[in-house]
Amino acid sequence: MKTDLEFQQVLLKVQEALTVDEVKDLVFLCSELLSLKDLSTVSSARQLFTLLGNRDLLSREDPSLVL
């Protein structure tokens with residue numbers, strides 16, 4: 001990824017493509033990476049991506065969790 005803006009655009013495209021059930025599946029798959037307390041508040045891909053980013057698990061330099 002070249003810029004943060006491009007990375008955010010990719011995340012937006014992923015977010016828009018995911019169904020509610022797919023977001024729930026991603027939340028489940030992230031249960032080993034994030035606390036259940038944090039995950040219990042997630043209702044959108046954006047919230048999940050924010051949590052992952054805040055913990056340096058998802059970034060422009062390492063987008064492997066979504067790509």
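**Salt bridges and a pocket in a predicted model**

Arg60 and Asp4 pair up in a salt bridge, with 2.9 Å between the closest N and O atoms. Bear in mind that this is a predicted model.

Colleague: How many residues apart in sequence are the parts that Arg60 and Asp4 tie together?

Modeller: Asp4 sits in helix α1, while Arg60 is in the segment after α4. So the pair ties together parts of the chain whose separation in sequence is 56 residues.

Colleague: Is Glu61 buried or exposed?

Modeller: Glu61 also meets Arg60 in a salt bridge, at 3.2 Å from N to O. Salt bridges with shared partners put Asp4, Arg60 and Glu61 in one network. Arg60 comes out at 26% relative accessibility, so it counts as partly exposed. For Glu61 the relative accessible area is 61%, and the cut-off is over 50%, so Glu61 is exposed.

Colleague: Which residue forms a salt bridge with Arg55?

Modeller: Arg55 is in the segment after α4, and its partner lies in helix α3 (residues 36-39), 17 residues apart. The closest N and O atoms are 2.3 Å apart, and the partner is Asp38.

Colleague: Which helix gives the most to the lining of the largest pocket?

Modeller: That pocket has a volume of about 200 Å³. Two helices, α1 (4-17) and α4 (45-54), each supply at least two lining residues. Among the lining residues are Phe7, Leu11, Arg46 and Phe49. With 5 residues, the top contributor is α1.

Colleague: What percentage of the chain is helix over residues 6-67?

Modeller: UniProt, in an unreviewed entry, places "domain: DED" at residues 6-67. Strand over that stretch is 0%, and the end C-alpha atoms are 14 Å apart. Helix comes to 58%.

Conventions. Residues numbered from 1 in each chain as written. Predicted model: local features only at pLDDT ≥ 70, side-chain atom pairs only at ≥ 80, totals over all residues. Heavy atoms only, no water. 1 Å grid on protein atoms, 1.4 Å probe; cavity = no way out; pocket = protein on both sides within 12 Å on 5 of 7 lines; lining within 4 Å. Points joined across faces, edges and corners; volume = space filled by probe spheres on them. Helix = DSSP H or I, 4+ residues; strand = E, 2+ residues; numbered from the N terminus. UniProt positions renumbered as here; feature names shortened; annotations may be inferred. Salt bridge = Lys/Arg side-chain N within 4 Å of Asp/Glu carboxyl O. Buried < 20%, exposed > 50% of the residue type's maximum accessible area, 1.4 Å probe, protein only.
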